[in-house]
Amino acid sequence: RQRESERRNLQSRRKIIGNTPSNATPFLRVWKAGYSIAAHQLGKVYRDGLSGTEDHAAAELWFKHSAEA
């Protein structure tokens with residue numbers, strides 16, 4: 001059950017990273033460099049629609065990464 005959840009989470013993350021809007025790109029670079037605060041900022045970008053449209057699923061995923069870091 002946990003592996004299935006992890007697999008879905010990874011698929012969602014790949015989808016989000018693959019469709020990263022330009023406003024989120026700097027935060028994604030910082031996240032990849034190991035700075036966990038970037039996950040929270042990415043959550044806000046998606047939640048507030050700073051990427052053009054609100055994406056609550058993406059925001060939830062990034063906020064979850066932030067909480068787990």
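What pattern does the chain follow when read along the sequence? The pattern is α-α-α-α, and the chain holds four helices and zero strands. Helices (H or I, at least four residues) and strands (E, at least two) are taken as DSSP runs and numbered from the N terminus. The model is predicted, with local features requiring pLDDT of at least 70 and side-chain atom pairs counted only at pLDDT 80 or more, whereas totals for chains, interfaces and linings use all residues. Residues are numbered from 1 along each chain as its sequence is written, and side-chain values use heavy atoms, with hydrogens and water left out.

Of the 69 residues in the chain, 25% are buried, where buried means under 20% relative accessible area, exposed over 50%, and partly exposed in between (1.4 Å probe, protein chains only). The chain exposes about 4,900 Å², of which carbon and sulfur atoms supply 49%; accessible areas come from the Shrake-Rupley method with a 1.4 Å probe, and for residues only the protein chains shown count as cover. Among contacts (heavy atoms within 4.5 Å) with a separation of 6 or more, 41% join residues 24 or more positions apart.

Helix α2 (residues 25–32) packs with α3 at an angle of about 155 degrees, and the two axes are 8 Å apart. Axes are lines fitted to C-alpha atoms, for helices over the stretch in contact, and angles run from 0 to 180 degrees between N-to-C directions. The angle therefore makes α2 roughly antiparallel to α3 (under 35 degrees is roughly parallel, over 145 roughly antiparallel, 65 to 115 roughly perpendicular and the rest oblique). The crossing is left-handed, that is, the near helix is turned anticlockwise from the far one by less than a right angle. In this contact, F27, L28, V30 and W31 of α2 meet A38, A39, Q41, L42 and V45 of α3. By class, the contact has eight nonpolar, one polar and no charged residues; Ala, Val, Leu, Ile, Met, Phe, Trp, Tyr, Cys and Pro count as nonpolar, Asp, Glu, Lys and Arg as charged, and the others, Gly among them, as polar.

Helix α3 (residues 37–47) and helix α4 (residues 56–68) have axes that come within 7 Å and cross at roughly 165 degrees. This makes α3 roughly antiparallel to α4, and their crossing is left-handed. The contact involves A39, H40, L42, G43, K44, Y46 and R47 of α3 together with H56, A58, A59, W62, F63, H65 and S66 of α4. Its residues divide into seven nonpolar, five polar and two charged.

The loop between α3 and α4 contains D48. D48 counts as partly exposed because its relative accessibility is 39%. The C-alpha atoms of D48 and A59 are separated by 8.7 Å, with the two residues eleven apart along the chain.
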